[in-house]
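Dear colleague,

Please find below the structure that I am handing over to you.

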Amino acid sequence: MLRNLNNVSTKQHRIAELAKRSPALVFTSLAHLIDLEWLLEAYRRTRKDGAVGVDGQTAADYEADLTTNLQSLLERVHSGTYRAPPVRRVQIPKGNSSETRPIGIPTFEDKLLQRAVLMLLEQIFEQDFSDSSYGFRPGRSTHQAIDATWKHTMDLWGGFVLEVDLRRFFDTLDHGHLRTFIQRRVRDGVVQRLIGKWLNAGAMDSGYVSYPDCGSPQGGVISPLLANVYLHYVLDEWFHNDVLPCMRARTRLVRYADDAVMIFEVESDARRVLAVLDKRCSKYGLTIHPEKTRLVDFRRPLLSPGKSANARSKPQTFDLPGFTHYWSRSRSGHRVVQRKTMSSRLTRSVQAIDSWCKAHRHDRLIDQHAALCRKVRGHDAYYGITGNGESLQTFRFLVHRAWRRWLSRRHRKRKLDWDKFNRLLESFPLPPLRVVHSFVGNREVNV
């Protein structure tokens, strides 16, 4: 396997170097690079504990005769006889609303093949993607997007923030435009046909298969890359090539998948972009959410509230992604942009804890405690950033409240009041508050 990994890595490095050295180069021959070694590496990188697709096959089932299965897959890919099975569609709650988000679960073999193609295309398009894009890219993370947003708002003293929200992006992604974008860099027939088969594979829901003429199912291995390619040409490239040269003052963009913020130094620039944004998205079959897409006056407050009737009004807040950004004062008294957990995300996390405590209230205390500790650490792993201590502390209090509530219902007569529960916490304490992502060197702005 080590030899296979080295061979695959060498091929990927060569593709990336060629794509970086020649930005206008179109790759017409890539499929020959997908051989048995390439599929073995794709299998190694494919998640083994994911949900099963429409065929019910698990990773263990596929591994039972791995070499034969991979050889068969390889022959079908190169002969053009591979047929992409429909994805299994499930609906998951979207935030705290009654809306749901459809997730498509491919079969294990389809995941493996999508991973193999992703390993090719990623090397090419990563050379083209903008530095302002952070979502679902190797070496980039949500917290880098958050840090970049913080730096831009501090540099521009807050400015005017345009929150961009695309309505049902993954469901409305236009197949024709996507193929055109892919062909700007890749015109290999085998790869193009595979992408077309995945886009047209259909989705099985409640035993019925539907074939939508647009969209890319969330949950597929290849879907995040296709989404980034689409938004790179629709939003990122347009912003850097067409918008920035027309701006009067400094303007910045931060995009994480289909969520983006544009930060403007002057209001007139922000309103000009807002006026043409819907037309730009509509050209490519996308719709901006009329309520969630909004212009926020995020300029730094000049004075403390109440000091002067002429003082600038309290600045608004904006969200990205999972955090609310707002102006506050640092410990030294200076104005600084702070981040806290979005209230909707906090509510959703607590509701999940409450449901878990209800379902497991009769488990042994030691088992409940171990599971809750893992959940709290997982929460901290994402939301544990500099300046978010109050939200983390609130989360712990709400976890304590949910745990005490359902422990108290283990018996009809013996209630667990807070005094008894606090004594219990001495033996079963939750993990202490921890800042996992420390943004060192955050600059402050004097007022």
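The notes below begin with the origin of the model and then turn to the sheet and the pocket.

This is a predicted model, in which local features need pLDDT of at least 70, side-chain atom pairs count only at pLDDT 80 or more, and totals for chains, interfaces and linings use all residues. Residues are numbered from 1 along each chain as its sequence is written, and side-chain values use heavy atoms, with hydrogens and water left out.

Four strands form an open sheet in the order β6-β7-β3-β8, with antiparallel pairing. Here strands (E, at least two residues) and helices (H or I, at least four) are DSSP runs numbered from the N terminus, and two strands pair if DSSP finds at least two bridges between them. The edge strands, β6 (251–256) and β8 (294–297), each pair on one side only. Strand β3 (residues 160–165) is joined to β8 by four antiparallel bridges; Val161 has Val296 of β8 as its bridge partner.

The largest pocket holds about 1,500 Å³ of space. A pocket is an open set of points on a 1 Å grid over the protein atoms alone, where a 1.4 Å probe fits, with protein on both sides within 12 Å along at least five of seven lines; lining residues have an atom within 4 Å of a point. The volume is the space filled by probe spheres set on the points, which are joined across faces, edges and corners. Of the 42 lining residues, Lys94, Arg101, Asp165, Asp259 and Arg345 lie nearest the centre of the largest pocket. Strand β2 (100–105) gives the most to this lining, with four residues.

Yours sincerely
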